[in-house]
Amino acid sequence: MSGTPSNLDLAEKLKKGPDPILLTLFANRFMSVAEAMGRSLQQTAISTNIKERLDFSCALFAPDGDLVANAPFIPIHLGSMSLYDLPTEVTLISLTSDHLPRISAVKYQMNVHGPTLKEGDVLMTNSPHAGGSHLPDITIITPVFDTDSKEIIFFTASRGHHADIGGILPGSMPPTSVNIFEEGANIESFKIVDGGVFNSEGLYEYMVEKPAQYPGSSGCRNIRDVESDLKAQIAANHKGIQLIHAIVDDYGLETVQEYMYHIRANAEMSVRSLLKDVAKRAGTNILSAVDYLDDGSPIQLSVEINEDEGSAVLDFEGTGFEVRGNLNAPISVVHSAVIYCMRAMLDLDIPLNAGCLVPLTIHIPKKSLLSPSRTAAVCGGNVLTSQRIVDVVLKAFHACAASQGCTNNLTFGAGGKDKDGKNIAGWGYYETIAGGSGAGPGWHGTDGVHTHITNTRIGDVEILERRYPVMIHRFGLREGSGGVGKWHGGEGVVREIEFLEPMQVSILSERRTRQPYGLEGGGPGGLGRNTWIKKCREEDGDLDPENRVLLQREINIGGKATIWMGKGDRFQIETPGGGAWGAAEGTKKGERDHVAAWEPRGSIAERAAAQAGF
């Protein structure tokens, strides 16, 4: 059923090498397909999460499930959609774990549906054990068929974060979840479109009825918005199909697929060169690092580089056991973090694709929080543990100081099951909040920015206040939170929100007890803090009727909590700063003018410029 060339044909063509002009042309053509899919999705979605916050990714995949190209969207999405398990004679990547066959979203769906896929079929999945990241991230996968042979020649895929998919709390990111059933709808494989017919009844069953069967959990609180955004993802995939057919019409299928593999080979060689250079600069081929989650769970990494081959073994042995909470990270998330780090350390503007991981062998210990069991809670692993994995990898490679190491996940909303167990329609809002990025050898950290794995926007104040019963009292930089050193860490931010009606509010965050590290003598970034500014009320028992001097209380609620906010209560989130690089040498925190600012470049900067002008 696949339109992939045979291994022998492919090997012969790769030996000849690509034409450099065509290689660049195809790299940009493939990238443009993913970018056009993203623009289509943003324009047709209705949710704040996708339309304004840009919490989505679009990508193009080979017929064997390998990532060909993606636009620079959300790094945590990319690896988990693309991890592949080709035969050992074709690839060098190897992951050791109980769940290896179930960690590639595209490959998993290929194994489930096999030759039954036909034109007009569209697949939906979000399960962490089918290549998902966490449950709110729903992936839509569409096969692309050759117009002549009717074989699959590509796949298009889009993944978007949906604000509510059910579970025990609005927003489907419960900070206190202890199993995956509390986090909402869990879908391993669902044919949302069958032969061109949209299955709305099946979608309602998966999103509303099944999650509500678990005690204490509700179904999706706003299925109409979710369904609309899913249709936008389907339309974005179809846009990609049209553009792929246009490329095939221009150059022919054989040439298109040949350069698809040349691009992957180019990424592989780039990573091999990076690994050789790292070993040379470090003066050793053995690297190691360890960092800790706020609960004390270690994430430990040792790296052994083969300087002759330009390959490496990344071994996470020594990482802590699976945790009872939701900081467990599916293997696909580990993969995403590693592929992001490899691509970020490359000083080349190449498409991120499956070739970046070919020179790597990744060992993940069984029963660890990086290889959790099927029922383990994972919503925090995708957004928090992933950041710590990035911190550990970059620390091992001595690339830069730690960034904020957190995404400061804020959710609030209404609806769900009432006291009689009936499912009440409602709504949920979710956002991640920026912090400081880490400094490096020659640059200061950036203030108030989403770092590493996230790459989303925060909710605009005007949109937030217009659509939801909240008021933003304060949103600005948190002075003094960045680490002090020769190259200063970026500052975190302060965001203070007042709630205009009673509602449930949750925060899921890290770096509240362990500071982001500095390197080469640089100081650490400041810790984050979450404060409930509560109005004193007689009905709550905290307002003294005879002494009304104390009108409000300031309560530190810790890194992970759910609070029922009363009308007029405020929530202040102070996010961590980034670590510094190098000893201070007498410089003061604000002295940055003598250093030329780091100038964003490449596809990420181009996308940001395009989004700013949209």
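User: In this model, helix α2 (residues 20–44) and helix α7 pack at an angle of about 155°. What makes α2 roughly antiparallel to α7?

Analyst: The structure is a predicted model. The axes of α2 and α7 lie 8 Å apart, at an angle of about 155°. An angle over 145 degrees counts as roughly antiparallel, and 155° passes that cut-off, so α2 is roughly antiparallel to α7.

User: What is the handedness of the crossing of α2 and α7, and which classes of residue make up their contact?

Analyst: α2 and α7 cross in a right-handed way. Their contact has 16 nonpolar, five polar and four charged residues.

User: Helix α6 (residues 200–209) also has its axis within 11 Å of that of α7 (residues 223–251), crossing at roughly 125°. Why is α6 called oblique to α7?

Analyst: The roughly perpendicular range is 65 to 115 degrees, and roughly antiparallel needs an angle over 145. The angle of roughly 125° falls between those limits, so α6 is oblique to α7. This crossing is right-handed.

User: Which residues make the contact of α6 and α7?

Analyst: From α6 come Ser200, Leu203, Met207 and Val208, and from α7 come Ile223, Val226, Glu227 and Leu230. Sorted by class, the contact has six nonpolar residues, one polar and one charged.

User: Which residues of α9 and α10 meet, and how many of them are charged?

Analyst: On the α9 side are Val333, Val334, Ala337, Tyr340, Cys341, Met342 and Met345; on the α10 side are Gly381, Asn382, Ser386, Ile389, Val390, Val393 and Leu394. No charged residue takes part in the contact of α9 with α10, which divides into 11 nonpolar and three polar residues.

User: What share of the chain is buried, and how many helices and strands does the chain have?

Analyst: With buried meaning under 20% relative accessible area, 61% of the 614 residues qualify. The secondary structure consists of 12 helices and 21 strands.

User: What share of contacts joins residues at least 24 apart?

Analyst: That share is 74% of the contacts between residues at least 6 apart in sequence.

Notes: Residues are numbered from 1 along each chain as its sequence is written. This is a predicted model: local features need pLDDT of at least 70, side-chain atom pairs count only at pLDDT 80 or more; totals for chains, interfaces and linings use all residues. Side-chain values use heavy atoms; hydrogens and water are left out. Helices (H or I, at least four residues) and strands (E, at least two) are DSSP runs, numbered from the N terminus. Buried means under 20% relative accessible area, exposed over 50%, partly exposed in between (1.4 Å probe, protein chains only). Contact means heavy atoms within 4.5 Å. Ala, Val, Leu, Ile, Met, Phe, Trp, Tyr, Cys and Pro count as nonpolar, Asp, Glu, Lys and Arg as charged, and the others, Gly among them, as polar. Axes are lines fitted to C-alpha atoms, for helices over the stretch in contact, and angles run from 0 to 180 degrees between N-to-C directions. Angles under 35 degrees count as roughly parallel, over 145 as roughly antiparallel, 65 to 115 as roughly perpendicular and the rest as oblique. A crossing is left-handed if the near helix is turned anticlockwise from the far one by less than a right angle, and right-handed if clockwise.
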